[in-house]
Amino acid sequence: METLLENQVVEKLNRLLINYQVHYQNLRLFHWNVKGPFFFILHEKFEELYNEAALKIDEVAERILALNGIPKGSLKNILSNANVESHEEIMDASAMVKAIINANKVLIENLEELLEEAGKAGDEGTLDIFTSYIQELQKQNWMMKSFLNN
Ligand SMILES: [Fe+2]
């Protein structure tokens, strides 16, 4: 039987999953459409980031299934529930990097709320998987900010 606390962990996982999927699509868009003097660097970096995001997305979804939940991935569900902004095709390269920093901040907040609920539920498995996600996103943001020189 699923307890109420486990349901709340699944809900937080789904919030993270929805935002990660928007972030993933933005990264693909940035990979395709980036222009300017840093094209070669950013085109490759964005590909690396969306490949990492794809692995994370799958891990989040499969954790939801392990907790007897249903992973949210319909486009309707994503568009009506995401906090990460869905970006336009044409953007400056620096605006793309800023958008990644902002999306990472949303994902970090989602993760902090998830870990809090998992802690309350005594869900060691979830804590074990997702604690490192926060560190990785913080490291990414340090690098993105260094790229922007601020
Ligand atoms: Fe490509």
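1. Among contacts in the protein between residues at least 6 apart in sequence, what percentage join residues at least 24 apart? The share is 80%. The structure under discussion is a predicted model.

2. Overall architecture. The protein contains five helices and zero strands, and its elements follow the order α-α-α-α-α from the N terminus on. Its radius of gyration is 16 Å, close to the 15 Å that the globule rule gives for 150 residues, so the protein is as compact as a globular protein of that length. Taken along the principal axes, the C-alpha atoms fill a box of roughly 55 × 30 × 20 Å.

3. Burial and surface. Of the 150 residues, 41% are buried. A nonpolar surface patch of about 280 Å² is formed by Phe38, Ile41 and Phe147. Phe38 belongs to the loop between helix 1 (4–33) and helix 2 (39–66); with a relative accessibility of 42%, Phe38 counts as partly exposed.

4. Helix 4 and its end. Helix 4 comprises 29 residues (93–121), which at 1.5 Å a residue should span 42 Å; the end C-alpha atoms are 42 Å apart, in agreement with that value.

5. A backbone point for attention. Most residues other than glycine have a negative phi. Asn68, although not a glycine, has a positive phi of about 65°. Asn68 is located in the loop between helix 2 and helix 3 (75–81), and its relative accessibility of 62% makes it exposed.

6. The structure holds five salt bridges. In one of them, Glu113 pairs with Lys12, with the closest N and O atoms 3.2 Å apart. Glu113 lies in helix 4 and Lys12 in helix 1, so this pair ties together parts that are 101 residues apart in sequence. Glu113 is partly exposed, at 36% relative accessible area. Another salt bridge joins Arg63 and Asp123, whose closest N and O atoms are 2.9 Å apart. Arg63 is in helix 2 and Asp123 in the loop between helix 4 and helix 5 (124–148), 60 residues apart. Buried means under 20% relative accessible area; Arg63 is therefore buried at 17%, as is Asp123 at 9%.

7. Lys45 and Glu48 form a salt bridge with the closest N and O atoms 3.1 Å apart. The two residues are three apart in helix 2, a separation of about one helical turn. Lys45 is partly exposed at 26% relative accessibility, and Glu48 is partly exposed at 38%.

How values were computed
Residues are numbered from 1 along each chain as its sequence is written. This is a predicted model: local features need pLDDT of at least 70, side-chain atom pairs count only at pLDDT 80 or more; totals for chains, interfaces and linings use all residues. Side-chain values use heavy atoms; hydrogens and water are left out. Helices (H or I, at least four residues) and strands (E, at least two) are DSSP runs, numbered from the N terminus. The expected span of a helix is 1.5 Å times one less than its number of residues. Patches are made of residues with over 30% relative accessible area and no salt bridge: like charges are joined within 9 Å, nonpolar side chains (Val, Leu, Ile, Met, Phe, Trp, Tyr) within 5 Å. Accessible areas come from the Shrake-Rupley method with a 1.4 Å probe; for residues, only the protein chains shown count as cover. A salt bridge is a side-chain nitrogen of Lys or Arg within 4 Å of a carboxyl oxygen of Asp or Glu. Buried means under 20% relative accessible area, exposed over 50%, partly exposed in between (1.4 Å probe, protein chains only). The radius of gyration is taken over C-alpha atoms; the globule rule is 2.2 Å times the number of residues to the power 0.38. Contact means heavy atoms within 4.5 Å.
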